[in-house]
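Trainee: I am new to this structure and would like a close look at a single part of it. Please pick one residue, say where it sits, and then connect it to what surrounds it.

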Amino acid sequence: MNALVPALAGGLVVAGVIGLFVGLRPSPVVQRPSRPRSVRRLSKQTRILIVAGCAAGVVAYFVTGWVLALVLVPVAFVGLPVLLSSSSAAARIERLEAMEEWTRSLSGVLTVGVGLEQALVATLRSTPAAIAPEVTRLVARLRARWVTEDALRAFADELDDATGDLVAANLILGARRRGAGLASVLEALAESVAADVRARRQVEADRAKPRATARWVTLISVGVLVVLSMSGSYVQPYRSPLGQIVLVSLLAAYIATLLWLKRMAIGQASPRFLTPAPTSVREGAR
């Protein structure tokens, strides 16, 4: 019982440090249309990591006698892959590349002389998978007799990206003026987005080097900690309640460093400039 209290305190310290970094991270306020609430379910991979982490924590407790392992090991199994991964940046680049491909395809369809709405519907079959749900809903709104501008604003809200706003803004201007030249404008815009994608890929390749270094340092540190916890007297002082509090403090500082590295690698997205259409207008267009 005496060892359980510092273990729980250590877990609260780690959670507090993580919550502090998440709370201090600024986030832009963007007005979005109300959407129905849905329960966010954990992915299959996350559930597997949680189960494996709990099992490994129980094993580590029986092997080392550290009550703290019941908390730290599951947290490490779930948190370290998130802190050391680059999936968010890769997903943003993939969406940008999908916007560029879709814009170029739309420009090609417009060159044959069809209307904007018919061109948007025609691009549905060749839409890249990264933005296929958003384009599918855009086409569904057009088929449901939405006003084209309102449908495009809803499309931009779902993309939630500055580049998506740029594409939607050009399409909105084309829907208002109904003049020639939209295809050439979209082609030039696609070239600009393609250059942005190339620059982002180069930046991400440069960021991958320190991320790989941090990954290897973390794996080596975890391996050394596991070996020392099962053999030798080097970690014997950490078995006491005070030692476990010191261990939690050191691990919390290391996690804070990984969070700092993750935050620097993510960067800040460009602010959006399109505002959503009024709710009454969207509902009246249905």
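Mentor: Asp-165 has its place in helix α8; keep in mind that the model is predicted. Asp-165 counts as buried because its relative accessibility is 0%, and the cut-off for buried is under 20%. Leaving aside residues up to four places away in sequence, Asp-165 touches Ala-156, Arg-272, Phe-273 and Leu-274.

Now to the nonpolar core. The largest one has 34 residues, and those touching the most other members are Trp-102, Leu-106, Leu-110, Leu-120, Ile-131, Leu-138 and Leu-171. At least two residues of this core come from each of α4 (87-110), α5 (116-122), α6 (132-143), α7 (148-159), α8 (162-177) and α9 (182-230). The largest share, 7 residues, is supplied by α4. As for Leu-171, its contacts are Trp-102, Leu-106, Leu-116, Leu-120, Leu-152 and Leu-186, again not counting residues up to four places away in sequence. There is also a second, separate core of 9 residues, with Ala-60, Trp-66, Val-73 and Leu-247 among them.

The surface comes last. Val-59, Val-63, Val-222, Val-226 and Met-230 make a nonpolar surface patch of about 430 Å². Both α2 (44-64) and α9 supply at least two residues of this patch, and α9 gives the most, with 3 residues. Met-230 has its place in helix α9. Met-230 counts as exposed because its relative accessibility is 54%, and the cut-off for exposed is over 50%.

Definitions and conventions:
Residues numbered from 1 in each chain as written. Predicted model: local features only at pLDDT ≥ 70, side-chain atom pairs only at ≥ 80, totals over all residues. Heavy atoms only, no water. Core = buried A, V, L, I, M, F, W, Y, C linked by side-chain atoms within 4.5 Å. Buried < 20%, exposed > 50% of the residue type's maximum accessible area, 1.4 Å probe, protein only. Helix = DSSP H or I, 4+ residues; strand = E, 2+ residues; numbered from the N terminus. Contact = heavy atoms within 4.5 Å. Patch = residues over 30% accessible without salt bridge, like charges linked within 9 Å, V, L, I, M, F, W, Y side chains within 5 Å. Areas by Shrake-Rupley, 256 points an atom, 1.4 Å probe, with all protein chains shown as cover. Salt bridge = Lys/Arg side-chain N within 4 Å of Asp/Glu carboxyl O.
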